[in-house]
Amino acid sequence: MQNTQTYNPGLSSTYFGQVMAFFGFAILSSAIGTYVGFEYALPYIVQHPWVMFAIFGAELILIFTSNTWKNSEAAKPLFALFTFLSGMTLAPLIAQVSAEFGGAIIYKALAATAMTFVAAAIFAFRTEKNLMGMRGFLFTALIGMVVVGIIGIFVPWSNTFEMIFSGFGVILFAGYTMYDFQKIKYQSGMHPIDAALQIYLDIFNLFIFILRLMTSSRR
């Protein structure tokens, strides 16, 4: 049976609390997924690369079908599954970076991500500027980065270009963080799971690009 509860426009402390509760749960679930992936699943993933593609495929299915399950009784388990799987996908990256540069760089990237994310969120809530007009630019930039990233799989680029690409990714997802938080502020008719999922993806990608930027700057 579907939950027919609706969410009225206008930011309220209750609504914002729901969003942040789902977001906090997403961070916790993702952290558990990273730990499980790093401590237990990594050897199997290394020996069977298809497993990572299967995880990515499951993530894409969950993202593109979120509008169909966000109001169902399975919403919370599927939300938890998505964030857990996304955490697992970080395990190979963290293992590679730790082996090359040491574990300290991971904590520095986490700290930089948290500071950037919080600063962007505060700016979005406090500024009087309407950031909704950023949507077209952000989406176009995202598509451009996806295309360049796919090309990079087949045509390796220099470390300098990696720094530029990663730096642009940091700026892009800082922009998305501002945009999504202001959308929560003015369009709180969104389901809390939708809003939490969007800002979770912002901080997830922000961390990846900050980590990539830090590692490329040390090479």
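With which side chain does the side chain of Lys-183 make a polar contact? The partner is the side chain of Gln-198, at 2.9 Å. Lys-183 sits in helix α7, which spans residues 159-186. Its relative accessible area is 12%. Lys-183 therefore counts as buried, since the cut-off for that class is under 20%.

The model is predicted. The average pLDDT is 89, and 93% of the residues score at least 70. Among the elements, helix α5 (residues 104-126) has the highest mean pLDDT, 95. The lowest mean, 87, belongs to helix α3 (residues 66-69). Residues 1-9 stay under 50. For this segment the model has 15 contacts beyond four places in sequence.

The second largest pocket has a volume of about 510 Å³. Its lining comprises 20 residues. Closest to the pocket centre are Thr-34, Leu-90, Ile-94, Leu-110 and Phe-207. Helix α1 supplies the largest share, with 7 residues. By residue class, the lining of the second largest pocket holds 14 nonpolar, 5 polar and 1 charged residue.

Key. Residues are numbered from 1 along each chain as its sequence is written. This is a predicted model: local features need pLDDT of at least 70, side-chain atom pairs count only at pLDDT 80 or more; totals for chains, interfaces and linings use all residues. Side-chain values use heavy atoms; hydrogens and water are left out. pLDDT is the predictor's confidence in each residue, from 0 to 100. Helices (H or I, at least four residues) and strands (E, at least two) are DSSP runs, numbered from the N terminus. Contact means heavy atoms within 4.5 Å. On a 1 Å grid over the protein atoms alone, a cavity is a set of points where a 1.4 Å probe fits but cannot get out, and a pocket is an open set with protein on both sides within 12 Å along at least five of seven lines; lining residues have an atom within 4 Å of a point. Grid points are joined across faces, edges and corners, and a volume is the space filled by probe spheres set on the points. Ala, Val, Leu, Ile, Met, Phe, Trp, Tyr, Cys and Pro count as nonpolar, Asp, Glu, Lys and Arg as charged, and the others, Gly among them, as polar. Buried means under 20% relative accessible area, exposed over 50%, partly exposed in between (1.4 Å probe, protein chains only). A polar contact is a pair of N or O atoms within 3.5 Å; within protein, one must be able to donate a hydrogen and the other to accept it, and residues adjacent in sequence count only if both atoms are side-chain atoms.
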